[in-house]
Amino acid sequence: MTKGRAKGMTKATTKAITVSGLHKSFGGTHALDGLDLDVEAGEVHGFLGPNGSGKSTTIRVLLGLLRGDAGSAQVLGQDPWADAVELHRRVAYVPGDVTLWRNLSGGEVIDLYGRLRGGLDPARRAELIERFELDPTKKGRTYSKGNRQKVALVAAFASDVDLLILDEPTSGLDPLMEEVFQRCVEEERDRGRTVLLSSHILSEVEELCDRVSIIRKGRTVESGTLADLRHLTRTSVTAELAGPPNGLAHLPGVHDLDIRGHRVRLQVETDKLDAVLRSLTDSGVRSLTSTPPTLEELFLRHYQDDVQDDVLDDVRVNGEGTMAR
Amino acid sequence: MTTATTATAAVRGGVRARSARQLAGTGTLLRFFLRRDRLMMPLWVGVIGLLVLSMPNSLKSVYGTVAERADLARQMLTNSSLRATYGPVFDDSLGGLTAWRIGGYAGLFAGIMSLLVVVRHTREEEESGRQELLSSAMVGRRAPLTAALLAALVANGVLALLIAGGLAGQGGGGALALGLGVGGVGMVFATMAAIVAQLTESARLAKGLTGGLLGAAFVLRAAGDSSTDDGSSVLTWLSPLGWLENERPFAQERWWVLPLFVAAVVIQGAVAYELAGRRDVGMSFLPTRPGPARGRLGSAGALAWRLQRGAVLGWSLGFLAAGAAFGGITKGAADLVGSNDKTRQIIERMGGQSGITDAFLATMVGMLGMVAALYVVSSVLRLHGEETSQRAEPVLANAVGRLRWACGHLVVAFGGAALIMALGGLGLGLGYGHELRPVLGACLVQVAAVWTLGGLAVLLYGISPQLAPGAWGAAGVALLLGWIGPALNVPQAVMDLSPFGHLPKLPGGEMAWTPVLILTAIALALTATGLAALRRRDMST
């Protein structure tokens, strides 16, 4: 993989993370199966996929905790395995399940992590403790899950780093704290930092992320801006027509067509919308509702379309869970 | 009137129902605990049982005739340092010698097994948060403690039956007395662990404190036996291990000692029950204080020291105290033997080249060394604990290399081993009254063997976290070979497996630098290989 920086000096084209064709197996389980991931410097990148799809494995490879079997990975222009220590001065990580030492207070852990990274901004630390309403004098065992999560978040946001890797960082936070978290991520972006955000909270992703990558069974299935991804999916159309509809069933890209008298309901692939509208206006439109795909539909489609893929290309046996449908 | 009676009856019924509810789920929990311990428990019981049951044959192969055994018994009884190590000999039959040679150690190991079982199923479950989920089901407040004590009872009961049945050929009464005594010691420490587990919030601390009490029981018995040759010292009677000895299996059993075990188990069990019923799940009677809002820890090394300093302090105090106690016994041993020319000659022929005092001190130094091996393994395996509990992951996601992270803990492990051995030597010197340098030097020589086991732990952990607990096995084998190997007539090739077997016998013997330097080099090589392996492998997720 060529370094992102070699392409040009402008910030927009600099890559913070470049992963290509990454493989990783544990025994007979293929956790990663040729995963690709590109994160531009300065963006907030959503990293999505069902449980067991390989998100955390990818993140652990990016942190140099695991070594990829094949393929390449670069973080901030460095090799995450060989240059781990040097690289980690510029990276802050928040795991989805924070475990603390029972004897150490939250404040001690925050300061420890800060010193073990590039350093800690004391004013920012104080401000974050205030905003997250965290009591830094409590000891590890006495924190609730949400409060343990806050300890790691304060340590990450107060650190002087270029890249934040957040693995489901808000599990356990209440809605108010979720709001604080989103403001903090926006501030990080405004400071020019890069954020890789793995999350299942779609509103959070929609609110924060410039681009997203969706992975399934260790492979990237979609990557781009939310607008790009929406374009690839179906729009729901409901119409009341003046006369009986004509020829809709033969149009390309039309699905789930349901005609009852003059009422039509259908789903259409968003880039085939033109032809459908033309056909509807031919019959005379009394009323029309067109709903763009919600993010949920977008994800559910990617998370759920196992059946198709299983038939087409998936003959591997692996232990990954798929979402219930 | 009638109403009042009914009300009283109702209250009484309520109390009974409440106490029944507090035990709800005990049976299910007990089955669950036994299933979780399906490997550990049979292993402990099997090894202890094997040690005891193989003893008569081993003794027979070395001391075949009645005259030889009588001679052995006489020598052992007159030597106060050997009495401190094994207790007095009450009978020179094969059964009697078996009880003398292995009984106390079987009790000691049963105690360790029991405290591990009880803490594992009580405080450890609460500390991990798993108890919360269990207690949300149909599980009474006192059910986990009850089931844990019952699990310990099962293990100790099977062990007692195994000994009673296996040694029946040497005399049914003696075998039964020994079996019940060993199991009794186990249950005394099971209930003691149950109390300690209510007091501390940390399972590690609960195990450490109970282990310390077990060590104190050993030292009390040793001190008592060094001053008297019939187990009648008050110090001996203060120790459950002394009760086992005073039960005199195979030597006109004193059955009236058995109620002492029962009384101790009942009283300690009642205290633990009372405490368990009064506190909240997950809480302890020693509360957690708030910590500082700002931390001063700034490196992986500082973190390692912060995490391990409590253990280092505990081990240091323990070694200083044990050393002082052993040193104190030594003075008595020398005085006693000094008045008897014949005994002195026997002991000196037995191998203590410069006399009974040095031979005794060398034995104690060796014991401290083998116990220090347990420290070094537990300290090295902190790395394993940090990794498997997912606490290492965020630390390593910072600008901390694996080597530096591991070395932080290894400095504490290896440096701590040298420190506790030095303190043990200091204690021996102080307790003995003079001649600090030879005992201190002797203790530091042991460090080479201790480090070798530490290096093995690093190697196993470095290769794979699944292999890491094997280091306990290695330390256990070294301990068994050192303490009991000679009496089992184990071939020299097997004895040579233990690094401790290669060290010069100090003080008293000739200092030999070669084995010390070779062992140190092996320790370094093992550590370096382990660290190299750690750098190359995946961290467990």
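This is a predicted model: local features need pLDDT of at least 70, side-chain atom pairs count only at pLDDT 80 or more; totals for chains, interfaces and linings use all residues.
**Stop 1: where chain A touches chain B.** Select both chains and show the residues in contact: 34 come from chain A and 28 from chain B. On the side of chain A that touches chain B, colour α3 (84-88), β5 (91-94) and α4 (106-116), each of which supplies at least two residues. The largest share of that side is from α4(A), with eight residues. By class, the chain A side has 16 nonpolar, six polar and 12 charged residues.

**Stop 2: α4(A) against α6(A).** Show side chains for Gly106(A), Val109(A), Ile110(A), Tyr113(A) and Gly114(A) on α4(A); they meet Val151(A), Val154(A), Ala155(A) and Ala158(A) on α6(A). This contact holds seven nonpolar, two polar and no charged residues.

**Stop 3: α7(B) against α10(B).** Move to chain B and select helix α7, residues 94-121, together with helix α10, residues 143-166. Their axes lie 9 Å apart, at an angle of about 155°. An angle over 145 degrees counts as roughly antiparallel, so that term describes α7(B) and α10(B). α7(B) passes α10(B) in a right-handed crossing. From α7(B), pick out Ala110(B), Met113(B), Ser114(B), Val117(B), Val118(B) and His121(B). Their partners in α10(B) include Pro144(B), Ala147(B), Ala151(B), Asn156(B) and Leu159(B). By class, the contact of α7(B) with α10(B) has 12 nonpolar residues, three polar and no charged ones.

Technical notes:
Residues are numbered from 1 along each chain as its sequence is written. Chains are lettered from A and ligands numbered from 1 in the order in which they are written. Axes are lines fitted to C-alpha atoms, for helices over the stretch in contact, and angles run from 0 to 180 degrees between N-to-C directions. Helices (H or I, at least four residues) and strands (E, at least two) are DSSP runs, numbered from the N terminus. Angles under 35 degrees count as roughly parallel, over 145 as roughly antiparallel, 65 to 115 as roughly perpendicular and the rest as oblique. A crossing is left-handed if the near helix is turned anticlockwise from the far one by less than a right angle, and right-handed if clockwise. Two residues are in contact if their C-beta atoms, placed from the backbone, lie within 7 Å. Ala, Val, Leu, Ile, Met, Phe, Trp, Tyr, Cys and Pro count as nonpolar, Asp, Glu, Lys and Arg as charged, and the others, Gly among them, as polar.
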